[in-house]
Amino acid sequence: MGTTLTFSQMLFVTLTTLPSFLTWTRPFRFLPPIPQLKARQVPLIQWVLQVVVLITGSLLNNWAFAFHVPLTLQIVFRSAGLAVSMLFGYLFMSKRYSGIQVAAVLLVTAGVVLATLSRPEASKEENLEYDPDEYAQGISMLVLSLFLTGTLGILQEKTFKKHGPCWRESVFYTHFLSLPFFLMLIPQVKLGYSSLAAAAYRRTPTFNQSGSASWSLEDFISQHTPYFALAANLVAQLICVSGVNQLTSSVSSVSTNLVLTIRKALSLCFSVWWFGNEWNAELGVGAGMVFLGSMLYTTVSSDTSSRTKDTKEKAE
């Protein structure tokens, strides 16, 4: 379902944002108006580069599920994007950070390493044999995806600095240009939709006294639950990518990753409760280090920004 879910998200976001980027022109008086894309603020090649990084990272994240990496570990692991963003900011954007900020990021990194080595148990519904080689491959995919996410953040930050906060254009083109990549993955996409249909609960209808079938609202919901879940995911994805792109256009990639880390903390707690995933001491300590380091970085960064603002106001 991973590839199918990613394709569905890309298609849904593209279709819902497309009307805002269409203009209707009439090349000849005797012909009806035809739709055309509006002029872009950003060169197309920059969006293409971001799309390659985005789609590769998304697919790697989804494929990691096939290598039996528990969801709880994936959420904690992706929270290390804060450290990668800081490293890339230092290397490629000449940014400098305080000692406390560096210590906070090291705390996050150490927490991720501890959580990775803990290998929490899968959910109670699963009964999968642990294969160290498969697990290592899944972790390698998450590592590569992590660096791709950091690269995407730098590309977005540079684009918005140069061309302005064109976050709506970013949402549309990064999803629209992703669709051709799925031509190579059509069999996987079809298999995912087939699995979704097979997962739908087929309830036997009840029969009334006249002998005709009777379907209740409960029957309808039970039968279509997988499709309701997919629809909810698509709507949530549209809201999420719009908010993240708007945030990225206003603040640095490191600050964006801080907000996403807090979001992951809520996701982790929810997934443990909803899917019945098991905790262990190492995962608990590792997750705590990740979120504590993120909050520490947030506090220090806020204080630094406030002092900088006060200094500028006094100078003026």
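Contacts between residues 24 or more positions apart make up 78% of the protein's contacts with a separation of 6 or more. Keep in mind that you're looking at a predicted model. There are eleven helices and four strands to find your way around. Of the 316 residues in the protein, 40% are buried.

**Salt bridges**

- How many salt bridges does the protein have? The count comes to two.
- One of the bridges runs between glutamate 157 and lysine 95, with 2.6 Å between the closest N and O atoms.
- That pair ties together distant parts of the chain, 62 residues apart. Glutamate 157 sits in helix H6, which covers residues 132-163, while lysine 95 sits in the loop between helix H4 (81-92) and helix H5 (99-118).
- Are these two partners buried or exposed? Glutamate 157 and lysine 95 are both buried.
- Glutamate 157 also forms a salt bridge with lysine 161, where the closest N and O atoms are 3.7 Å apart. That counts as a salt bridge because the cut-off is a side-chain nitrogen of Lys or Arg within 4 Å of a carboxyl oxygen of Asp or Glu.
- Where do lysine 161 and glutamate 157 lie? Both are in helix H6, four residues apart, which is about one turn of the helix.
- Why does glutamate 157 count as buried? Its relative accessibility is 4%, and buried means under 20%.
- Lysine 161 is exposed because its relative accessible area is 61%, and the mark for exposed is over 50%.

**Stretches listed in UniProt**

- In an unreviewed entry, UniProt lists residues 6-24, 44-65, 71-92, 99-118 and 138-155 under "transmembrane region".
- Take residues 6-24 as one case: the chain there is 63% helix and 16% strand, with its end C-alpha atoms 30 Å apart.
- Now try residues 138-155, where the chain is 100% helix and 0% strand, and the end C-alpha atoms are 26 Å apart.

**A nonpolar patch on the surface**

- Which residues form the nonpolar patch on the surface? They are Leu87, Tyr90, Leu91, Phe92, Val143 and Phe147, and together they have about 560 Å² of accessible area.
- Helices H4 and H6 each supply at least two residues of this patch. The biggest share comes from H4, with four residues.
- Valine 143 belongs to helix H6. Valine 143 counts as partly exposed because its relative accessible area is 33%, which falls between the 20% limit for buried and the 50% limit for exposed.

**Threonine 248**

- You'll find threonine 248 in helix H9, which covers residues 217-248.
- With a relative accessible area of 5%, threonine 248 is buried.
- What does threonine 248 touch, leaving out residues up to four places away in sequence? The answer is Gln156, Phe160 and Thr256.
- Threonine 248 and phenylalanine 160 are 88 residues apart along the chain, yet their C-alpha atoms are separated by 8.1 Å.
- A polar atom of the threonine 248 side chain lies 2.7 Å from the backbone oxygen of valine 244.

- Serine 178 is in the loop between helix H7 (167-176) and helix H8 (186-199).
- Is serine 178 buried or exposed? It's buried, since its relative accessible area is 0%.
- Not counting residues up to four places away in sequence, serine 178 touches Met10, Val51 and Ile55.
- Arginine 168 is in helix H7. Arginine 168 counts as exposed, thanks to a relative accessibility of 55%.
- How far apart are arginine 168 and asparagine 245? Along the sequence they are 77 residues apart, and in space they are 7.7 Å apart, C-alpha to C-alpha.

Terms used. Residues numbered from 1 in each chain as written. Predicted model: local features only at pLDDT ≥ 70, side-chain atom pairs only at ≥ 80, totals over all residues. Heavy atoms only, no water. Buried < 20%, exposed > 50% of the residue type's maximum accessible area, 1.4 Å probe, protein only. UniProt positions renumbered as here; feature names shortened; annotations may be inferred. Patch = residues over 30% accessible without salt bridge, like charges linked within 9 Å, V, L, I, M, F, W, Y side chains within 5 Å. Areas by Shrake-Rupley, 256 points an atom, 1.4 Å probe, with all protein chains shown as cover. Contact = heavy atoms within 4.5 Å. Polar contact = N/O pair within 3.5 Å; in protein donor to acceptor, adjacent residues only side chain to side chain.
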